[in-house]
Amino acid sequence: MAYYDMEEGNYPSEKKEENENEFVGDEWSVEKRENRYILKYLSGELQGRLKEIIITYDDFMLLKSKKISFYDFMLKNNLS
């Protein structure tokens, strides 16, 4: 007796395209809006949700240049 039906998930085959106002990482993106940098990522909460937080230009450049991993950035800033 099954309590639920399992279905295979579908994942995009290609990463979202970057443009002059948005940089797309592996599990996050940063959008430039009115001289602010907005980090968007899927939270680690129970059901997950899209979160948006304002970060500095320096933080954006650390992420973009991969001088810090997204995971380490989240730990450093106590984000989930």
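This report describes the sheet, the helix packed on it, the nonpolar core and the salt bridges of a predicted model.

## The sheet

Four strands form an open sheet in the order β1-β2-β3-β4, and their pairing is antiparallel. At the edges stand β1 (22-24) and β4 (50-55), each of which pairs on one side only. On average, neighbouring strands of this sheet are turned by 20 degrees against each other, direction ignored.

Strands of a sheet pair through backbone hydrogen bonds, either parallel or antiparallel. Between β1 and β2 (residues 28-33) the antiparallel pairing runs over three bridges. E22 has E31 in β2 as its bridge partner.

## Helix α1

Helix α1, residues 57-64, lies across β1, β2, β3 (36-42) and β4, and runs at about 120 degrees to β4. Its buried residues are D59, F60 and L63. These residues cover an arc of only 100 degrees around the axis, which puts them on the same side of α1. An α-helix has 3.6 residues a turn, so residues three or four places apart point the same way. The cover over the buried residues of α1 includes β1, β2, β3, β4 and α2.

One of the buried residues in α1 is D59. D59 has a relative accessible area of 14%, and it counts as buried because that value is under the 20% limit. Leaving aside residues up to four places away in sequence, D59 touches F73 and K76. After α1 comes K66, which has a positive phi near 65 degrees.

## The nonpolar core

The largest nonpolar core contains 13 residues, and those with the most contacts inside it are W28, V30, L39, I55, L63, F70 and F73. The elements that contribute two or more residues to this core are β2, β3, α1 and α2 (70-76). With residues up to four places away in sequence not counted, I55 touches V30, Y37, L39, F60, L63 and F73.

Another residue of interest is I53, in strand β4. I53 is partly exposed, with 22% relative accessibility. Its contacts are Y37, I38, L39, Y41 and L79, again not counting residues up to four places away in sequence. From I53 to Y41 the C-alpha distance is 8.9 Å, and the two are twelve residues apart in sequence.

## Salt bridges

Side chains of opposite charge can pair when their charged atoms come close. The model has five salt bridges. One of them joins K40 and E22, with 3.4 Å from N to O. This pair links distant parts of the chain, since K40 is in strand β3 and E22 in strand β1, 18 residues apart. Both ends are buried: K40 has 14% relative accessibility, and E22 has a relative accessible area of 9%. K40 also meets E31 in a salt bridge, at 2.9 Å from N to O.

A further salt bridge forms between E52 and R33, where the closest N and O atoms are 3.1 Å apart. E52 lies in strand β4 and R33 in strand β2, so the pair ties together parts that are 19 residues apart in sequence. E52 is partly exposed at 44% relative accessibility, and R33 is partly exposed with a relative accessible area of 35%. Through shared partners, salt bridges join E22, E31, R33, K40 and E52 into one network.

How values were computed: Residues numbered from 1 in each chain as written. Predicted model: local features only at pLDDT ≥ 70, side-chain atom pairs only at ≥ 80, totals over all residues. Heavy atoms only, no water. Pairing = 2+ DSSP bridges. Axes fitted to C-alpha atoms, helices over the stretch in contact; angles between N-to-C directions. Contact = heavy atoms within 4.5 Å. Core = buried A, V, L, I, M, F, W, Y, C linked by side-chain atoms within 4.5 Å. Buried < 20%, exposed > 50% of the residue type's maximum accessible area, 1.4 Å probe, protein only. Arc of directions from axis to C-beta. Salt bridge = Lys/Arg side-chain N within 4 Å of Asp/Glu carboxyl O.
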